[in-house]
Amino acid sequence: MKASAALLVGLGLVACADDGSDADPRFYVERVEPEDGATSVTALVFVYLHLSGGPDPERCTAETLRVDAVRADGTVAFEVPSTVTFSGERFTKVLPDAPYLRGWTYRVTARGGEDGCADLDGVPIEPFVSTFEVP
């Protein structure tokens, strides 16, 4: 009887451990293309974000997922007008309305917080910054 009770307790522990409670509750950018620090990006490229979960299209917009041209000191020179599109469950593209200009460094940002990009469950994205250059 003790063996049966131990087996049931053991099965209960396995069942409890497999309830998804170990799932990462965060929402973040897993990968970006062009890669952070890329220095030879073509002028016609788009920014591709691979996210950890499904983005909410109402909150993940060109305002919360942005591309800006930046000066050498890191200040924003101008915003790049863009369109955000979604493909698959976790992939997002930020498409510039016109080709990127040669000779500029561009900064990609994902803004989180109450008014920022969030996943379908309302979890705000972790702030994200990446840069690339168009020679």
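**View 1. R31 and its salt bridge with E33**. In this predicted model, R31 is partly exposed, with a relative accessible area of 39%. Buried means under 20% relative accessible area, exposed over 50%, and partly exposed in between (1.4 Å probe, protein chains only). R31 pairs with E33 in a salt bridge, the closest N and O atoms being 3.5 Å apart. A salt bridge here is a side-chain nitrogen of Lys or Arg within 4 Å of a carboxyl oxygen of Asp or Glu. E33 is also partly exposed, at 37% relative accessibility. By this rule the structure holds 7 salt bridges.

**View 2. The salt-bridge network of E63, R66, D68 and E79**. R66 bridges to E63, with closest N and O atoms 3.8 Å apart. R66 also meets E79, at 3.5 Å from N to O. This pair links distant parts of the chain: E79 sits in strand β4 (residues 76-79) and R66 in strand β3, 13 residues apart. Strands (E, at least two residues) and helices (H or I, at least four) are DSSP runs, numbered from the N terminus. E63 is partly exposed at 44% relative accessible area, and E79 is partly exposed at 38%.

**View 3. The disulfide of C60 and C117**. The sulfur atoms lie 2.0 Å apart; the cut-off for a disulfide is cysteine sulfur atoms within 2.5 Å. The S-S torsion is about 80 degrees, so the disulfide is right-handed. C60 lies in the loop between β2 (47-51) and β3 (65-70), and C117 in the loop between β7 (104-110) and β8 (128-134), so the pair ties together parts 57 residues apart in sequence. Both cysteines are buried. A search of the whole structure finds 1 disulfide.

**View 4. The largest nonpolar core**. This core has 24 residues. The term covers buried Ala, Val, Leu, Ile, Met, Phe, Trp, Tyr and Cys residues joined through side-chain atoms within 4.5 Å. Residues with the most contacts inside the core are V47, L49, L65, V67, Y100, Y106 and F132. Elements giving two or more residues to it are β1 (29-33), β2, β3, β7 and β8. L49 touches residues including V29, R31, L65, F91, V108 and F128, not counting residues up to four places away in sequence. Contact means heavy atoms within 4.5 Å.

**Notes to all views.** Residues are numbered from 1 along each chain as its sequence is written, and side-chain values use heavy atoms, leaving out hydrogens and water. Local features need pLDDT of at least 70 and side-chain atom pairs count only at pLDDT 80 or more, while totals for chains, interfaces and linings use all residues.
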